[in-house]
Amino acid sequence: MAEKIKDACHIILSPKIFATLDENKRLHIRAAIFGFPSVISTSGIVEGPAKPKDYYIYKQKYTQLGIWNIEEAKLKRKFKGRFIDYEDKRMNEVLKGYIAQALFFYITGEPFCNKKDCRLFNAHWQEDLIYSQIKRGRFCRSHKAILKKINSPKPRLWRKRFYLT
């Protein structure tokens with residue numbers, strides 16, 4: 001039914017990984033691609049934003065030694081809490097932020113905020129993602145004001161109804 005409704009915000013949640021090419025033709029895994037519809041990847045949330053630098057140093061070392069398969073679980077335990085992983089109980093909280101970004105894209109055309117303290121912060125590092133979405137988990141003042149306007153009883157030209165699909 002939602003696909004027949006005009007002015008509906010369509011958001012697709014997927015476990016599939018997707019990527020975009022940069023200007024140098026390098027692939028970049030994405031947690032979300034905002035458009036009509038917007039697509040959010042749970043695997044992209046795990047694999048897209050970078051893990052701590054030391055994690056990659058250890059991974060490279062263990063891979064060169066041919067023991068990555070043996071050491072991977074230990075390394076994940078060592079960095080536990082510093083990145084989102086598959087089956088992570090924090091995933092739903094992170095998804096709330098990405099869904100909020102999709103809604104802001106639909107309403108304003110801009111899904112991101114440059115303030116790390118905002119739920120709309122475009123995190124490129126897992127630790128920033130965890131801070132913005134879980135430890136802080138709120139909107140900045142300016143985005144709270146936009147939300148207040150959306151919920152005001154006065155009609156707005158850009159006010160739309162939302163349906164999650």
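# Cavity, pockets and cores

The residues lining the largest cavity comprise four nonpolar, three polar and no charged. The structure is a predicted model. A search of the whole structure finds one cavity of 30 Å³ or more, and the space in the largest cavity is about 30 Å³. Its lining consists of Tyr 98, Gln 101, Phe 121, Asn 122, Ala 123, Leu 129 and Gln 133. Helix H4 (91–108) and helix H5 (126–136) are the elements that give two or more residues to this lining.

| Pocket | Volume | Lining by class |
|---|---|---|
| Largest pocket | about 570 Å³ | 14 nonpolar, five polar, seven charged residues |
| Second largest pocket | about 270 Å³ | three nonpolar, one polar, eight charged residues |

The largest pocket has 26 lining residues, and Ile 29, Arg 30, Glu 47, Gly 48 and Pro 49 are the ones that lie nearest its centre. At least two lining residues come from each of strand E3 (27–30), helix H1 (42–47), helix H2 (53–64), helix H3 (68–78) and H4. Among the elements, E3 gives the most to the lining of the largest pocket, namely four residues.

The second largest pocket is lined by residues that include Lys 76, Arg 77, Lys 80, Arg 82, Asp 85, Asp 88, Lys 89 and Arg 90. Phe 79, Gly 81, Phe 83 and Tyr 86 are also part of that lining.

The packing of nonpolar residues comes next. In soluble globular proteins, nonpolar side chains tend to be buried together. In this model, the largest nonpolar core has 23 residues, and Ile 40, Ile 45, Ile 84, Tyr 98 and Leu 129 have the most contacts inside it. H1, H4 and H5 are the elements that give two or more residues to this core. Its largest share, nine residues, comes from H4.

Setting aside neighbours within four places in sequence, Leu 129 is in contact with Ile 45, Pro 49, Ile 84, Val 94, Tyr 98, Ala 123 and Ile 134. A second, separate core has seven residues, among them Ala 100, Leu 120, Phe 139 and Cys 140.

Tyr 98 and Leu 129 line the largest cavity, and both are listed among the residues with the most contacts inside the largest core. Pro 49 is one of the residues nearest the centre of the largest pocket, and Pro 49 is also in contact with Leu 129.

Notes:
Residues are numbered from 1 along each chain as its sequence is written. This is a predicted model: local features need pLDDT of at least 70, side-chain atom pairs count only at pLDDT 80 or more; totals for chains, interfaces and linings use all residues. Side-chain values use heavy atoms; hydrogens and water are left out. On a 1 Å grid over the protein atoms alone, a cavity is a set of points where a 1.4 Å probe fits but cannot get out, and a pocket is an open set with protein on both sides within 12 Å along at least five of seven lines; lining residues have an atom within 4 Å of a point. Grid points are joined across faces, edges and corners, and a volume is the space filled by probe spheres set on the points. Ala, Val, Leu, Ile, Met, Phe, Trp, Tyr, Cys and Pro count as nonpolar, Asp, Glu, Lys and Arg as charged, and the others, Gly among them, as polar. A nonpolar core is a set of buried Ala, Val, Leu, Ile, Met, Phe, Trp, Tyr and Cys residues joined through side-chain atoms within 4.5 Å. Buried means under 20% relative accessible area, exposed over 50%, partly exposed in between (1.4 Å probe, protein chains only). Contact means heavy atoms within 4.5 Å.
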